[in-house]
Amino acid sequence: ARLEAALRHALQQGQLLLHYQPQIRGSQPTGAEALVRWQHPERGLIPPAEFIPLAEACGLIVPLGQWVLEQACAVLAQWRQDPVLEALTLSVNVSAHQVQQPGFVLHLKQLLERSDCNPHRLKLELTESAFIGDEQTAIRAMTALRALGIRFSLDDFGTGYSSLRHLKRLPLDQIKIDQSFVRDLLDDPDDAAITQVITQLARNFGMEVMAEGVELPAQRSFLERLGCHAFQGYLFARPQPLPAFVAFCRQQL
Ligand code: G
Ligand code: G
Ligand code: MN
Ligand code: NA
């Protein structure tokens, strides 16, 4: 309960911030994933694993997630004015609880209208947990938002209640192969087989396949041979503050 009060305070006091991890296609950055951090006055930078689960449990994830979306739209509105950054996409993690909220679509629609960001550059990352229980609510929200140009990615694929039905039924643009499969890809034939099957299946459904947690050049070439389109991982860059990400892109683009 003390941590909950502290997190509520952090959100109000502007102690949360976003880091940006590049996403790569070919040899160039195509965008970033926004990842939240908590700049605690005494404890320093706290990673999301230490407060997102709490935020989910106490409902704070809804205002927190809204704050992340507001930041993301503000960044996209800035990029829109810059010919080098204009085509970059920004991926935002959206929790199951958040998409299931009745006001989610309306709030995001209003945010897009007042922020002047290009909706085609915004990508929402959902995990399979968003479709547990009330699958129809999540699908309705996705369909409405896709009509505005927003794109959707299925995050951490293969780790949750993976169902091939999800790949078939959900209006997705991209799936992300979880980093747990990428880690031992080169040594573990089971992980290589899983990765290959996910890639083939997603490609057959017309989706882009992104691999996350890519740390080695050999992992990247292996994944490329399997048909992966895009990559994210420490091989390219860690999640970093916005100015560092922008500098990275200006160097590469
Ligand atoms: O940045 P890091 O690798 O530590 O992120 C760990 C986890 O925290 C990831 O699984 C990511 O999905 C989650 N996470 C990071 N930022 C956000 C956010 O803005 N909203 C939600 N719901 N989850 C996030
Ligand atoms: O939302 P998601 O669970 O996909 O969050 C991505 C997480 O993976 C973040 O916590 C990010 O810091 C982490 N990450 C990104 N690239 C790498 C990598 O190359 N190796 C490892 N171990 N973690 C990574
Ligand atoms: Mn993610
Ligand atoms: Na992930």
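Where is the place of cysteine 117? Cysteine 117 sits in the loop between helix H5 and strand E5 (122-126). The structure is a predicted model, in which local features need pLDDT of at least 70, side-chain atom pairs count only at pLDDT 80 or more, and totals for chains, interfaces and linings use all residues. Residues are numbered from 1 along each chain as its sequence is written, while chains are lettered from A and ligands numbered from 1 in the order in which they are written. Helices (H or I, at least four residues) and strands (E, at least two) are DSSP runs, numbered from the N terminus.

- Cysteine 117 is buried, as 22 other C-beta atoms lie within 10 Å. A residue is buried if 20 or more other C-beta atoms lie within 10 Å of its own, exposed if 12 or fewer, and partly exposed in between, with C-beta atoms placed from the backbone.
- When residues up to four places away in sequence are not counted, cysteine 117 touches Cys73, Leu76, Ala77, Arg80, Leu112 and Leu122. Two residues are in contact if their C-beta atoms, placed from the backbone, lie within 7 Å.
- Cysteine 117 and alanine 72 are 45 residues apart along the chain, and their C-alpha atoms are separated by 8.9 Å.
- Aspartate 116 also lies in the loop between H5 and E5, and it is partly exposed, with 13 C-beta neighbours inside 10 Å.
- Aspartate 116 is not a glycine, yet it has a positive phi of about 60°. Most residues other than glycine have a negative phi.

**Packing of helices H3 and H5**

- Helix H3 (residues 61-80) and helix H5 (residues 104-115) pack at an angle of about 30°, and their axes are 10 Å apart. Axes are lines fitted to C-alpha atoms, for helices over the stretch in contact, and angles run from 0 to 180 degrees between N-to-C directions.
- H3 and H5 are therefore roughly parallel to each other. Angles under 35 degrees count as roughly parallel, over 145 as roughly antiparallel, 65 to 115 as roughly perpendicular and the rest as oblique.
- The crossing of H3 and H5 is right-handed. A crossing is left-handed if the near helix is turned anticlockwise from the far one by less than a right angle, and right-handed if clockwise.
- From H3, the residues Gln66, Leu69, Glu70, Cys73, Ala74 and Ala77 meet His107, Leu108, Leu111, Leu112 and Ser115 of H5. The residues of this contact comprise seven nonpolar, three polar and one charged. Ala, Val, Leu, Ile, Met, Phe, Trp, Tyr, Cys and Pro count as nonpolar, Asp, Glu, Lys and Arg as charged, and the others, Gly among them, as polar.
- Glutamine 66, found in H3, is partly exposed, with 18 C-beta neighbours inside 10 Å. From C-alpha to C-alpha, glutamine 66 and leucine 108 are 8.3 Å apart in space, although 42 residues apart in sequence.

**Packing of helices H5 and H6**

- H5 and helix H6 (residues 135-146) pack at an angle of about 20°, with axes 10 Å apart. H5 is thus roughly parallel to H6.
- The crossing of H5 and H6 is right-handed.
- Phe104, Val105 and Leu108 in H5 meet Ala141, Ala144 and Leu145 in H6. This contact has six nonpolar, no polar and no charged residues.

**Surroundings of the ligands**

- Leu35, Val36, Pro47, Pro48, Ala49, Ile52, Gly65, Val68, Asn93, Ser95 and Pro239 surround ligand 1. Strand E2 (28-40) and H3 are the elements that give two or more residues to this shell. A residue is near a molecule or strand if its C-beta atom, placed from the backbone, lies within 6 Å of it.
- The shell around ligand 1 has eight nonpolar, three polar and no charged residues.
- Ligand 2 is surrounded by 14 residues, of which Asn93, Gly213, Glu215, Gly233 and Tyr234 are the closest. Its shell has four nonpolar, six polar and four charged residues.

**Aspartates of strand E6**

- Aspartate 155 is found in strand E6, and it is buried, with 25 other C-beta atoms within 10 Å.
- Apart from neighbours within four places in sequence, aspartate 155 is in contact with Asn93, Glu125, Leu126, Thr127 and Lys176.
- Aspartate 156 is found in strand E6 (residues 151-157) and is buried, with 20 other C-beta atoms within 10 Å. Aspartate 156 has a positive phi of about 55°, although it is not a glycine.
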